[in-house]
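Visitor: I am new to this structure. Please show it to me, and then I will ask about its parts.

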Amino acid sequence: MTHETIPSLLDRTDPDVRAILGRVLDGQEISWQEALRLCETSGVGFQATVYSADELRRRQAGDIVTYVINRNVNFTNVCVKHCGFCAFSRPYRNVEGYFLPIQEIVRRAREAADMGATEICMQAGLPPDMDGNFYVDLTRAVKKAVPDMHIHAFSPEEVLYGATRSGASISDYLAVLKEAGLGSLPGTSEEILDQDIRDVISPGRITVRQWIEVITTAHSLGIPTTSTIMYGHIETPVHWVKHMNLLRDIQHETHGFTEFVPLSMIHQEAPMYHHHLAPRLRPGPSGIEVVKMHAVARLMLGASIRNIQSSWVKEGPKFAQYLLTAGANDIGGTLINESISTSAGAQYGQLVQPRELRRLIRDAGRAPAQRKTTYELLQVYSSDDDSTVPLDLVDDAGARFGSYRQLTGSKEFRFARRPRTRAASCAAQRHSAIAGRRWTACGQAPQEWPRVQQPRASWSVGEGSWMDRGRFDQDFPGRKQACQYEGDFKAVCRAWNQRRQ
Ligand code: SF4
């Protein structure tokens, strides 16, 4: 459908919606307020928005739909944080906590390469006492074993954690990762870039400012990243469009984003859903919201971030296929293994084979193409080309590659906390000093921070420093979890300081 063939649909929409869609189809950028108006449409206005997004997709990205053959390795589920939407993380004492050693991750990368994969995606929890060089050592080992594999790894939260644990600046840490072989960063840990929302759904998570710092620093070093949004919880459409507006501003500056991936919140096993921890929490987005998100993303971002991905992991293959008609031009990767959405209750996640992805794309009337992580095309498939890669021939992915349930149930890779060595304790002290220094840099006096107490009577507020438990309970009633590192430390500092003003 072209701009010329949809005037009857546009004619029947409200004049302000018609004007916005007309402007975007004429190649102009729309403001977040105009995008918000599109989010409010229903009926004919909604249909016109979706058709316009599909038309814009055709003009910006053509009829090719891309996918990448990749393998996910969520190498540990042990994490010091407690994000309210995350059913994946386990405390270090939990019997389901696992940690894959580097040689096992390398084995998985080699196996993926043998199956035809071009990308390994590595993201995980934040294990306590992690050696700050672990991410660098891991990257180097995978690159050495499989030099042609693109390493897409470490969310901004993990980059911040690695930098903090090693005492390096974000810039220096990213530079070392790049030198070790890192190809790109996932723009995850992004959720909604609104600090008030983050403080409710994931208190202590990487802040908006820190996320931007990691991403823009990566871009400045020539490390591309993806971008995402997690929606369907306590946010509203105004948060969607402001989030996209921020991404668009960054992209204008850096041109470092390769794609935008809307991610529905999977609520089934999310702690904040189970335990009613957040007011007005929704059980993920509605179907209409999912369609609107992809359509508005195309209309608002498509000129600057060309690739809009529909996620079969979150939406299921059939709905992901439908979203190809609502602005999306990419259907993601094969994954092979996935733990984060699976643990939250998603029914999809192990594997969709390349041949099946191509079938979904062709059934949507489009042309499939295998791409690299950074969107260079590797092969465009003609309608009668049904060539296969070894991954297409696997019958039982769980038996062949292992599953998340096997990982959490097996003793083979059970997480064992490193003995607290002198070096580790020094790292903790250095970390505490870093956190204190940054707090000071915010204009606060570190000596006014509650003094060090006996740990057993205290809550941890950043490794190596402790807040008196009585004062914690008094000032943060109902907050049950200990704060484990700088993100939590700063969130508590912020709240603490506000109360003192
Ligand atoms: S989302 Fe990431 S940082 Fe948050 S609890 Fe889960 S694994 Fe940890």
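Visitor: Which residue in β10 does Q370 stand opposite?
Guide: Residues are numbered from 1 along each chain as its sequence is written. This is a predicted model, in which local features need pLDDT of at least 70, side-chain atom pairs count only at pLDDT 80 or more, and totals for chains, interfaces and linings use all residues. Strands β9 and β10 (residues 377–380) pair in the antiparallel sense over three bridges, where pairing requires at least two DSSP bridges and a strand is a DSSP run of E with at least two residues, a helix one of H or I with at least four, both numbered from the N terminus. In β10, the residue opposite Q370 is Q379.

Visitor: Which residue takes a positive phi in the hairpin of β9 and β10?
Guide: Five residues lie between the two strands of this hairpin. The positive phi, near 80 degrees, belongs to Y375.

Visitor: In what sense do β1 and β9 pair?
Guide: T66 has A369 in β9 as its bridge partner, and V65 stands opposite P368 in β9. Between β1 (residues 64–68) and β9 (residues 367–371) there are four bridges, and the sense is parallel.

Visitor: What is the order of the four strands in the open sheet?
Guide: The pairing in this sheet is mixed. The order of the strands is β8-β1-β9-β10.

Visitor: Which are the edge strands?
Guide: An edge strand of this sheet pairs on one side only. That holds for β8 (330–333) and β10.

Visitor: Are α7 and α8 roughly parallel or roughly perpendicular to each other?
Guide: The axes of α7 (residues 156–166) and α8 (residues 170–180) come within 9 Å and cross at roughly 105 degrees. Axes are lines fitted to C-alpha atoms, for helices over the stretch in contact, with angles from 0 to 180 degrees between N-to-C directions. Angles under 35 degrees count as roughly parallel, over 145 as roughly antiparallel, 65 to 115 as roughly perpendicular and the rest as oblique. The two helices, α7 and α8, are therefore roughly perpendicular.

Visitor: Which residues surround the ligand?
Guide: A residue counts as near a molecule if its C-beta atom, placed from the backbone, lies within 6 Å of it. The ligand is surrounded by C79, K81, H82, C83, C86, F88, S89, G125, L126 and E157.
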